[in-house]
Number of protein chains: 2
Amino acid sequence: MLPEKSLAWGRSKSCIRELAAYGSARKSEIGEDKVFDFSLGNPSIPAPPCVTEALRELLSADPVQLHGYTPAGGLPSLRRAVAEDLNRRWGTAFTPELIYVTCGAAAGLAACMHGLLLPGEEALTFAPFFPEYTVFAEGAGGVLKAVPPTESFQPDFAAFEALLTEKTKLVLLNTPNNPSGVVLSAESLARLGELLRAAEQRYGHTVYLISDEPYRELVYDGAAVPCVPDFYDNTIVCYSFSKSLSLPGERIGYLAVSPRMADREDVYASLAGAARACGYVNAPSLMQRVVEKCLGQTADISVYKANRDLLYNGLRERGFRCVYPDGAFYLFVKSPEPDAKAFSERAKKHELLLVPSDDFGLPGYVRVAYCVSGEMIRRSMPAFEALAGEYGLLP
Amino acid sequence: MLPEKSLAWGRSKSCIRELAAYGSARKSEIGEDKVFDFSLGNPSIPAPPCVTEALRELLSADPVQLHGYTPAGGLPSLRRAVAEDLNRRWGTAFTPELIYVTCGAAAGLAACMHGLLLPGEEALTFAPFFPEYTVFAEGAGGVLKAVPPTESFQPDFAAFEALLTEKTKLVLLNTPNNPSGVVLSAESLARLGELLRAAEQRYGHTVYLISDEPYRELVYDGAAVPCVPDFYDNTIVCYSFSKSLSLPGERIGYLAVSPRMADREDVYASLAGAARACGYVNAPSLMQRVVEKCLGQTADISVYKANRDLLYNGLRERGFRCVYPDGAFYLFVKSPEPDAKAFSERAKKHELLLVPSDDFGLPGYVRVAYCVSGEMIRRSMPAFEALAGEYGLLP
């Protein structure tokens, strides 16, 4: 007599968290330095100094103001600063009224699902994808369907067209992608925009595009994430400071509704109403002030770039097939046997904790999170080499 | 084609926020000290020194840990501390596994509604009640019904019995109450427990009791809030540190599922699953650590007690009929004309901002929030006197 889905979501352990829990237990058993834990997407580099400085400075502010309620959509000054920051980097025309400050990207995505989907309507996304997308869509009474990738991990648009029907209310993309690290190309975004405009014409209703961009600043070698609202007017950008400022536990991010969306005011209201019904009052007030002071800054992401190079080159040299990641802090590695869970189990024997990709909607891979120390990556190479040897991958 | 209710909730301005906005505008017009703004329930006293001390201390901790993800239900150490704190004050047997740390009471209530209600099931509450209860219940697909109060603002149990049907899945109470300041008596709670047990027998299903207690520590003259789980086994306590520690913007509180609830593990899982689907990842990590260090402490609530006495006595002396508040920081005043909105409008002419009670599910009253300076209360007395004079109330 309890809601079946809530019960299931509360009971189910994500396979990522299970592997991480195994890792913790294993570390106490055989020693911290003997386990190569690539399971969690938890930023490994500290928040930049501006965060601690901002906190220290704010401690001398009036505590009644500092810790008081803010407007539901966020402090006016923060909303203005975010709009200006986006406009500066993208040449867009966001106004503060289009920015809704959220308790992280998850809260923003849940607000989009609840605020846009009618019961039974469909959200399309691109595999591989973050498993919580399913929970957010179904929690809102909708259905999530996933489009497979091409060889280069761009969307397979033939498959996309087959799934894009009258029921499609929104499309959700994630760039750079968790778990593959791939950045959606301008070509892919242009094609996506075309197809969505055609679908709107064909079905006579708006199809919203949600661009989930928590890894936007985590790109390497001069790669850049294209400005998604440039390619399609009915876009909502979902952002989090979790990765760029290494603040994942603080829950702070924002939604930005495109100024070129025709019904932007209604959509903004619906997102706000959905957030309200989910029990959001305002994003944490102290952290709103911190991120306002740190806007445009990032943690030292050169660490992730060095890790990526180490890991990508190291695994390739040992015969593994890897998707080349332009961003985020994940390497997506082809499982040398069809069952990625079996491969992950075998990797465990070498104390390598790699997440099988089944929960990401695409079987046959493992996710290797490289938000770890470079030193651990170096030490893990003999284990990867032994694992490769078992599969006869070594060149 | 957007969800109707989300759109409506996003568009509707609460009459409290509207009055507060009017107040801000009016203050810039005629001067801060000329407007007697009793509209908002925003704590007016600073967080206790332990909060700033805890923050200062935490700033020297490892930032990766400090700002990192925590388990979804909260830091194990905080959950243990909360369970021990409750057990110490109540003699109960809460365990850490029954504590779920939330982004404030609103998040906790939304999780309860989403995690307990099936579509069309009913939640009963007691008028007057916090208007967001309706939004949370309807957001979860349920229906909220309100039981009127007796003369002494305890529940009218005859009316309650009439509303308690097979459809009733949960009952939601708020003690001390916003907007009346009334504490539910042990007698009322005992009677409520009896009726709920009888209903469970009669209908063959569990009826959950949710005790919303953000004002638990804000009681005066030795009044105490009875331990609600003592009166009924199937109870979930919903708490927030917003008022006790003056941290309303930081969004930190908890749910505590009674150790005497038979299906407590399933209920806990369902609340956790519902929170997950609403986009909650974990309560803000820094604030989890702060409240752990401040558990059992409160802001200086003697200020509220002095305000209550000033306001209650001042208004009574001027002929107003007031509900005597044992707790919270609200005075509920009978409107001298049937239409409380008209009364609130007339009060505005005297620069008195009083919230009409219609949105609280009980017409004919105004809510006077006394989380303001005592000095403003003193300065407001001539205005109340003039207003009383207009209605011929002066003795």
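Mentor: Gladly, and keep in mind that this is a predicted model. Let us start with an open sheet of four strands in chain A, whose order is 9-10-13-12 and whose pairing is antiparallel.

Trainee: What makes strand 9 and strand 12 of chain A the edge strands?

Mentor: Strand 9 (322-323) and strand 12 (355-356) of chain A each pair on one side only. Further in, strand 10 of chain A runs antiparallel to strand 13 (residues 365-369) of chain A.

Trainee: How do you know that strand 10 and strand 13 of chain A are joined?

Mentor: Two strands count as paired when at least two bridges are found between them, and here there are five bridges. In this pairing A:Lys334 stands opposite A:Tyr365 of strand 13 of chain A.

Trainee: Which domains does chain A have?

Mentor: The domain assignment gives domain 1 (4-48 + 300-390) and domain 2 (49-294). The centres of these two domains of chain A, taken over C-alpha atoms, are 26 Å apart.

Trainee: How many residues of domain 1 and domain 2 of chain A are in contact?

Mentor: 29 residues of domain 1 of chain A are in contact with 33 residues of domain 2 of chain A. On the domain 1 side, helix 1, helix 12 (302-317) and strand 10 (330-334) of chain A each give two or more residues. That side divides into 17 nonpolar, six polar and six charged residues.

Trainee: Now chain B. Why is helix 10 of chain B called largely enclosed?

Mentor: 11 of its 14 residues are buried, so helix 10 of chain B is largely enclosed by the rest of the structure. Among the buried ones are B:Val267, B:Tyr268, B:Leu271 and B:Arg276.

Trainee: What do the buried residues of helix 10 of chain B pack against?

Mentor: Both chains take part: helix 1 (4-11) and helix 7 (132-139) of chain A, together with strand 2 (99-102), helix 6 (104-116) and strand 8 (253-257) of chain B.

Trainee: Why does A:Arg276 count as buried?

Mentor: The cut-off is 20 or more other C-beta atoms within 10 Å. A:Arg276 has 25 C-beta neighbours inside 10 Å, so it counts as buried. This residue is found in helix 10 of chain A. Leaving out residues up to four places away in sequence, A:Arg276 touches A:Ala72, B:Trp9, B:Gly10 and B:Val135.

Trainee: What about helix 7 of chain B: why is it described as largely enclosed?

Mentor: Seven of its eight residues are buried, so helix 7 of chain B is largely enclosed by the rest of the structure. B:Val135 is one of those buried residues, as are B:Tyr133 and B:Phe136. The cover includes helix 10 (264-277) of chain A, along with helix 1, helix 6, strand 3 (122-126), strand 4 (143-147) and strand 5 (168-174) of chain B. Just after helix 7 of chain B, B:Gly141 takes a positive phi of about 85°.

Trainee: Which strands does strand 3 of chain B pair with?

Mentor: Five bridges join strand 3 of chain B to strand 4 of chain B in parallel. The chain crosses from strand 3 through helix 7 to strand 4 of chain B, and this β-α-β crossover is right-handed. Strand 3 of chain B also pairs with strand 5 of chain B, parallel and over four bridges.

Trainee: One more: what makes both faces of strand 2 of chain B covered?

Mentor: B:Ile99 and B:Val101 on one side, and B:Tyr100 and B:Thr102 on the other, are all buried. Strand 2 of chain B pairs with strand 8 of chain B in the antiparallel sense, over four bridges, and B:Thr102 stands opposite B:Gly253 there.

Methods
Residues numbered from 1 in each chain as written. Chains lettered and ligands numbered in written order. Predicted model: local features only at pLDDT ≥ 70, side-chain atom pairs only at ≥ 80, totals over all residues. Buried ≥ 20, exposed ≤ 12 C-beta atoms within 10 Å, placed from the backbone. Contact = placed C-beta atoms within 7 Å. Domains from an automatic or database assignment. Nonpolar A, V, L, I, M, F, W, Y, C, P; charged D, E, K, R; others polar. Right-handed = clockwise from strand over helix to strand, strands pointing away.
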